[in-house]
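Please look through the sequence and the fold that follow, and keep both at hand while reading the paragraphs below.

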Amino acid sequence: MDFTLADSQQAVTALAAEILAGAVPDRGALGPEAPASTGPWKELARAGLLSLGPDGAGPDSASTDGLGLLDVTVLLTEIGRRAVPVPALPTLMTGALPLLRWGRPDLLPAVASGELILTAALRQHSPDTWTGVPYASQAQLVLVPSITGVALVNPHAEGVTLIPTPSSSGQPECTLRLDDAPIEAMLGGPDCAEDLYQLSVAGACAMIQGAVAGALALTRDHVATREQFGRPLAAFQAVSQQVADVYIASRTIHLATLAACWRLNEGLDAAADLAVAAYWCAEQAPRAVRICHHLHGGIGMDATYPLHRFSALVADLVRYLGGAEYRLACIST
């Protein structure tokens with residue numbers, strides 16, 4: 001099986017890496033809330049990396065204008081690799097792609113310019129309350145799935161209450177309450193809601209993949225240059241074995257995520273692959289970043305050290321996925 005990325009995905013990876021290299025927060029900045037339409041988000045928009053095309057609508061599209069699903073996946077991976085706080089997961093994977101795939105492409109130009117921030121309410125706590133809605137306070141539209149389809153709701157409309165809640169990374173989240181709030185439009189039917197949930201899992205796995213890879217790269221460079229007893233830490237067998245464990249976890253997350261996203265992009269049944277990828281991410285990613293902290297020694301406990309950006313992002317994304325036990329139950333059922 002050939003896991004080589006297509007030319008378009010390699011181009012997205014290279015361009016995103018170039019843009020985001022200069023957008024890494026200062027040491028200790030864990031993503032304080034700021035206008036989402038500024039900074040690196042605007043740079044991604046100017047580079048055309050927020051522009052989705054018909055390829056994102058499914059495998060039957062003949063056009064190649066704009067990003068498709070797999071292109072968005074590798075973009076999210078690069079964002080995760082640098083832990084840059086931008087609303088890419090909610091806006092692109094759970095916002096723009098569902099709009100494109102289910103009949104509202106008219107909203108995509110505003111996404112491409114970086115002006116329209118989207119999000120989705122995916123964790124329903126009660127009939128009128130959803131928790132952990134990322135960037136809800138900055139979004140102009142929230143996608144709310146139901147048994148009849150996906151509703152588009154203005155989070156700033158009458159009847160909508162947003163309650164800010166903390167996150168590990170500092171990126172903004174809210175609890176969303178709807179009390180007879182107006183629905184601006186409806187997308188699709190039950191299949192649309194299921195597609196939204198699958199896209200959210202694929203996007204979270206893609207970002208976790210990048211975050212683990214970023215933590216591994218930082219740790220690799222540290223143990224290669226930090227010396228103890230006159231030798232680099234990497235020369236000690238116990239250290240190299242733990243780095244190898246993180247590498248294996250990272251590569252497995254990559255392959256499981258790529259396989260699931262490929263099936264989703266091709267219009268194939270991706271439920272089982274997404275379930276496996278989500279479980280592996282939820283189970284192995286926190287363990288991998290803990291090993292990275294351990295291998296850094298005392299500096300790994302310093303909240304101003306860049307490694308904390310990756311572990312905080314992983315913590316948020318694993319919670320977004322529901323945790324390892326929930327994901328294991330999804331596989332079992």
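Which residue in β3 does Q124 stand opposite? Q124 stands opposite W130. The model is predicted, so that local features need pLDDT of at least 70 and side-chain atom pairs count only at pLDDT 80 or more, while totals for chains, interfaces and linings use all residues. Residues are numbered from 1 along each chain as its sequence is written, and side-chain values use heavy atoms, with hydrogens and water left out.

Helices (H or I, at least four residues) and strands (E, at least two) are DSSP runs, numbered from the N terminus. Between β2 and β3 the chain makes a hairpin through two residues.

These strands are part of an open sheet of four strands, whose order is β2-β3-β7-β6 and whose pairing is antiparallel. Because β2 and β6 (160–165) stand at the edges, each with a single partner strand, one side of each is left without a neighbour in the sheet. From one strand to the next, the twist averages 30°, where axes are lines fitted to C-alpha atoms, for helices over the stretch in contact, and angles run from 0 to 180 degrees between N-to-C directions.

Another open sheet is formed by four strands in the order β1-β4-β5-β8, with mixed pairing. Its edges are taken by β1 (118–120) and β8 (185–187), each of which has a single partner strand, so one side of each lacks a neighbour in the sheet. Neighbouring strands here are turned by 25° against each other on average, direction ignored. Within this sheet, β4 (residues 141–146) pairs with β5 (residues 149–153) in the antiparallel sense over five bridges, and V144 has A151 in β5 as its bridge partner. Helix α4 (residues 88–101) packs on the sheet, touching β1, β4, β5 and β8, and its direction makes about 90° with that of β1; contact means heavy atoms within 4.5 Å.

Turning to a helix pair, the axes of α3 (residues 69–82) and α7 (residues 237–265) come within 9 Å and cross at roughly 150°. The two helices are therefore roughly antiparallel to each other, a term that applies to angles over 145 degrees. In this contact, L69, L70 and T73 of α3 meet C261, W262, L264 and N265 of α7.

Key:
Pairing = 2+ DSSP bridges. Parallel < 35°, antiparallel > 145°, perpendicular 65-115°, else oblique.
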